[in-house]
Amino acid sequence: MSPVLSVKDLKVSFPSEAGRGDAVRGVTFDLEAGKTLGIVGESGSGKSVTSLAIMGLLDENARITGSIIYDGMELLGKSDKQLSAIRGNGMSMIFQDPLTSLTPVFTIGDQLVEALTVHRKMDKQESWNRSIELLEAVGIPNPERRMKAFPHEFSGGMRQRVVIAIAMANNPKLIIADEPTTALDVTIQAQVLDVAQKAQDETGAAMIMITHDMGVVARTADDVLVMYAGKPVEMAPAHELFHKTRMPYSIGLLGAIPRVDKKEKQPLIPIQGNPPLLIGLPDECPFADRCPIAIPECRASEPALLPVDTGTGGNHLAACIRKHEISDGGRIGNGTVYPIPEQLESELTLTPREERPVVLEVRNLTKTFPLLKGAFLKRKVGEVRAVKGVSFDVREGETMAIVGESGSGKTTTLLQIMDFEKQADGDIIIAGTSVNDIKSGKQERLLRRDIQIVFQDPMGALDPRMTVADIIAEPLQAIGTNRGDANRRVDELMDLVGLDPAHSDRFPQAFSGGQRQRIGIARALSTSPKLIALDEPVSALDVSIQAGVINLLDELKAKLGVSYLFVAHDLSVVRHIADRVAVMYKGDFVEHGDVDDVFDNPQHPYTKSLLSAIPVPDPDIERGRERIIFDPDNI
Amino acid sequence: MVKYLIRRFLGWLLMIVVATNLTYFLAWGYLDPRSNYVGRRPPLSEQQIVQQLLPRNLSDTVPLVERWWNWFTAIVTRWDWGVSPVGQVVNEQVAFRMWVSAELVLGATILTTVLGIALGVYTASRQYRLADRVGQATSIVTMNINIVVAALGIVLLAIALNNAVGKRIFYVTGSGSRGVEGFFPKLIDILQHLTLPTIALVLIGYSGIHFLQRSLLLDNIKADYVRTARAKGLTKQQAIRKHALRTSLIPVATQVAFTIPTVFTGAVLTETIFAWNGMGRYFIETISNNDIHGTVAIAAFGAFLTAIGALLSDIAVVVLDPRVRVS
């Protein structure tokens, strides 16, 4: 059978101020009908550019070479008009952000009808009926009524279903999904992946699934292509890739992800350093700088993607000159490719939890927002209960995690604690001081020393006009430390979080995302707090970087005995880092307890559905899993 | 929607009443009809002046409040906006000049808007290409041409054309010829008079809308939903025209709606050069002739047009943007 899509030596470059950036540097693959190819890689690896090049949606200043043969036709060199006859008809695309990918001023129905009528002559009634069928197929309730709704009346998950309906409208032969679930909550992600799967089954299309989430790949892909620095570095059937990994970068990617289904707490294996800039790359393995098993020959020339025999007879390609030395489980010779980091044991963990002092106690924390009506004189017509009386405590040297989906109230809870919000029928006690007793600004500042926060977005959280030393020293100055002591402390802290103290006079933009998050952590640590609140600290980071930050947090906890209050939506990270966990749903804790108890033996149906929705990066486990759908009406 | 518009309109009506009355008092603060008679040869006596002004409700011998009351009740009861110091009836003047201005300004505004938006779309979808650069350079030049220069240039060109052909194709003064009868002859006559001032107004006005539309559209061309539209199978130009344009039209529509009052009374120079007796010239004349009633009537007219502009922009936003719901 001839492939639906055949890409040969695809190269894409863009002009930039520093010279031409080679975003994609030679991608080759064939894709057959009904098959799914997963393309994985971190940001900047060229995976999205590859997909846009296939669709012909790149900017006109992009220089594309190579060959893209779709259904026997060469696509490169076709005009926008010629391509538009194929786009949406023979091949279609699902985009990353459903909130922005539908036109806000047209109804869902109009946008669906347009997708149909642009390619075939259909009368109004016929296209309208077909659109309703499509909406039904992607699981939108009341499709007749919803046809007349505008995108802003839909939730993110619903909008993504509409985008999928548009993608499958003309029974395409190829569907490209570019990070289709990255912007969605896990339970919605699972549903949307099911819908995408259904769209593929119904149309019999080939699919390219682009993602950075190894779990999503394990769940959906038949073949996997791992990209690094614009080039495929490993390509194999999914089972092969996950179990017989041969390229150090892929091994690193898999090792860096925390697993939601694994109990033992080994430190994650981070990949050192950052991906290279794609301008004027030297002729050497682009991963050599970060590779723990790099040898001088790696820098002789860039290794080609060549077959490797793993004993299964599968079609396995890897771009590494030492691929034949690497064996299953990421081992080389007598050791492993990546050195396993040492795990620090804190003395505190030897003391039973009950005997350790309480750092934070929250009793019946409540937050309501008033609903106001009226243009001028706002009168209260009701209230929204964002947090409905939650209670928990955090002991010394412990990590308490609050997990939940967007809108569950987890961040509100955190902010209430950080704001020292006085509670009418409850209390927040930080290191023995009740916030209800705070009378003066001085008392408040004193209490601030004991609790600090690290934010989600490392780019936005640091003032770009302050040097790193100023940023870290600022909390110290606020509590009256003198300049000399503060400077000594800055050096000490930078060393502690794994940054070079000599760089303390640089500005934040000189650092990468992971390094900036380390700066944020150093700033939070500067007053030696007893508790650090972490608001989604790793969700904006790539997996290989994320692992390093998670390890740092673990290490700091063991070294300093600091406690964490960790808010996150990623249950895999929570499982890895937390000692205790509370699952939040609609402002309330539905389940709260020891992390292993909650994850291995969930009691509440919501927790069960949440856990079953997380994709596990192992195709054998992932494909056999049963999803539990949580229906709030059935409790 | 209708209910909302009525409510808004009543609000504007109140605003117009307040603004007009305020202008009446301000006009009395700055304008003095008596000074029209200063320096007359032979000089008029005090009594003669008062005799002239008193019946026209313009004499300062009557207390201001009483003058205001006379003026106000005349409008409310008889829709009589008063007379000028020489006895011109304001109602007649406005009623006549309003249509002259409308003839001049409405066509020019529509052409300006259409041309500006079309050029904005054309150049935005060809950003940094030759067509965009040429379009932008031209607009920068026309934007900086003074209306006087533009109008006189056009007049000279038109005269040269008329001479070359040996026949009068374009009239360079006035808004119409006397003694033309019949629908088609009249229409042709109007077009012969209207073409030149319209070209002048469009020439200096279109660039503002061109630049606004271009930059707004460029913000939207990179939007994800335009990419989705292209992925559906629309060509880039179709996707821009259908999906990006609609959202970027909203601010342009608002701006155009609000320029209506300013172009109506602001085309002073154009009206003067082409000798059209429109509202713009009336505005200047009333002030220089100490014509209090005329000045106030123009202020009221401007306020009324502002209200119309605001309502039009409300309607345009609701029509163009379904996310806006009026309640």
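In the predicted model, A:Arg363 has A:Asp427 of β19(A) as its bridge partner. This pair belongs to the antiparallel pairing of β16(A) with strand β19 (residues 427-430) of chain A, which is made through four bridges. Strand β16 (residues 358-373) of chain A is also joined to strand β17 (residues 379-395) of chain A, in this case by 13 bridges and again with the strands running antiparallel. Within that pairing, A:Asp393 of β17(A) is the residue that stands opposite A:Glu361. In general terms, the strands of a sheet pair through backbone hydrogen bonds, in either a parallel or an antiparallel manner.

Elsewhere in chain A, three strands form an open sheet in the order β13-β14-β15, with antiparallel pairing. The edges of this sheet are taken by β13 (326-327) and β15 (335-336) of chain A, and because each has a single partner strand, one side of each is left without a neighbour in the sheet.

Apart from residues up to four places away in sequence, A:Phe566 touches A:Thr399, A:Met400, A:Ala401, A:Leu534, A:Val574, A:Ile577 and A:Ala578.

A:Val163 lies in helix α6 (residues 156-167) of chain A and counts as buried because 27 C-beta neighbours are found inside 10 Å, where 20 or more are required. When residues up to four places away in sequence are left out, the residues touched by A:Val163 are A:Ile94, A:Phe95, A:Pro98, A:Ser101 and A:Leu102, together with B:Thr228 of the other chain. The C-alpha atom of A:Val163 is separated by 9.7 Å from that of A:Pro180, a residue 17 places away along the chain.

Between the two chains, 20 residues of chain B are in contact with 27 residues of chain A. On the chain B side, α8 (224-232) and α9 (236-266) each supply at least two of the residues that touch chain A, and α8(B) gives the most, with eight residues. By class, this side of chain B consists of seven nonpolar, five polar and eight charged residues.

Chain B itself is divided into domain 1 (1-86 + 292-327) and domain 2 (90-288), whose C-alpha centres lie 29 Å apart. Contacts between the domains of chain B involve 22 residues of domain 1 and 20 residues of domain 2, and the side of domain 1 that touches domain 2 has 11 nonpolar, nine polar and two charged residues.

According to an unreviewed UniProt entry, the feature "transmembrane region" is placed at residues 12-31, 104-125, 137-161, 190-212, 249-276 and 296-320 of chain B. In the model, residues 104-125 of chain B are 95% helix and 0% strand, with the end C-alpha atoms 32 Å apart, whereas residues 137-161 of chain B are 88% helix and 0% strand, with the end C-alpha atoms 27 Å apart.

Methods. Residues numbered from 1 in each chain as written. Chains lettered and ligands numbered in written order. Predicted model: local features only at pLDDT ≥ 70, side-chain atom pairs only at ≥ 80, totals over all residues. Contact = placed C-beta atoms within 7 Å. Nonpolar A, V, L, I, M, F, W, Y, C, P; charged D, E, K, R; others polar. Domains from an automatic or database assignment. UniProt positions renumbered as here; feature names shortened; annotations may be inferred. Pairing = 2+ DSSP bridges. Buried ≥ 20, exposed ≤ 12 C-beta atoms within 10 Å, placed from the backbone.
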